[in-house]
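Here is a short tour for someone meeting this structure for the first time. Have a look at it, then read on.

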Amino acid sequence: MAKYESSVKVIPYSQETVFSKLENLENLEKLRERIPQEYLDKIENLQFSKDSLSIGIQPIGEMTLKIIEREEPKCIKFETDNMPAKVNLWIQLLPVSETSCKMKLTLKADVPPFLLSMVGSKIQQMLDAIADTLAIIPYE
């Protein structure tokens, strides 16, 4: 499995506040308006439920990311559903102070070695874009 990690982001909200927002994916519906146009052109369908996020991405197709574990208040683990390659994503949160926390995303993808050179940098870019977006949303 290939492993990708975002840089560590400092979020100006407590670990508990960030966790409570992210552990219910319906709270992320507002992110739709923050997706850059370059990505929106590739997204066909974006749906949120409490425990999953479904997205249609050209040319990959439909992908569902489901929460498989919540470790309050420090980690949310996801796994893909209905995809040919297994993908796991972790959102890790650590307290900095009572009013801020650190966040890091880790993604593991079961990508065949011959495809890594073609998709590896795109996976890293996508992970960094997700981390950047999660770091700037209001958690109030």
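## A loop residue to start with

Leaving aside neighbours within four places in sequence, Asn24 is in contact (heavy atoms within 4.5 Å) with Ser49 and Lys50. Asn24 sits in the loop between α1 and α2 (37-40). Helices here are DSSP runs of H or I with at least four residues, strands are E runs of at least two, and both are numbered from the N terminus. Is Asn24 buried or exposed? Asn24 counts as buried because its relative accessibility is 16%; buried means under 20% relative accessible area, exposed over 50% and partly exposed in between, with a 1.4 Å probe and protein chains only.

## Where this comes from

This is a predicted model, in which local features need pLDDT of at least 70 and side-chain atom pairs count only at pLDDT 80 or more, while totals for chains, interfaces and linings use all residues. Residues are numbered from 1 along each chain as its sequence is written, and side-chain values use heavy atoms, with hydrogens and water left out.

## Strands side by side

Now for some strands, which pair if DSSP finds at least two bridges between them. Strand β6 (residues 75-81) runs antiparallel to β7, with five bridges, and Phe78 stands opposite Leu89 in β7. The two form a hairpin with five residues between them, and Asn82 in that turn has a positive phi of about 55 degrees.

On to the next pair: β7 and β8 are antiparallel too, over ten bridges. Their hairpin has two residues between the strands. Here Leu89 faces Leu107 in β8.

## Helix α3

Helix α3 covers residues 113-136, and its end C-alpha atoms are 34 Å apart, which agrees with the 34 Å that its 24 residues should span at 1.5 Å a residue; the expected span is 1.5 Å times one less than the number of residues. There's a bend of about 55 degrees at Val119, taken as the angle between axes fitted to the seven residues ending there and the seven starting there.

Buried residues in α3 include Gly120, Ile123 and Leu127. Among the elements covering the buried residues of α3 are β1 (2-5), β7 (87-97) and β8 (100-109).

Leu116, also in α3, counts as partly exposed because its relative accessibility is 31%. Leu116 and Ala2 are 114 residues apart in sequence, yet 8.1 Å apart in space, C-alpha to C-alpha. Leaving aside neighbours within four places in sequence, Leu116 touches Ala2, Tyr4 and Val111.
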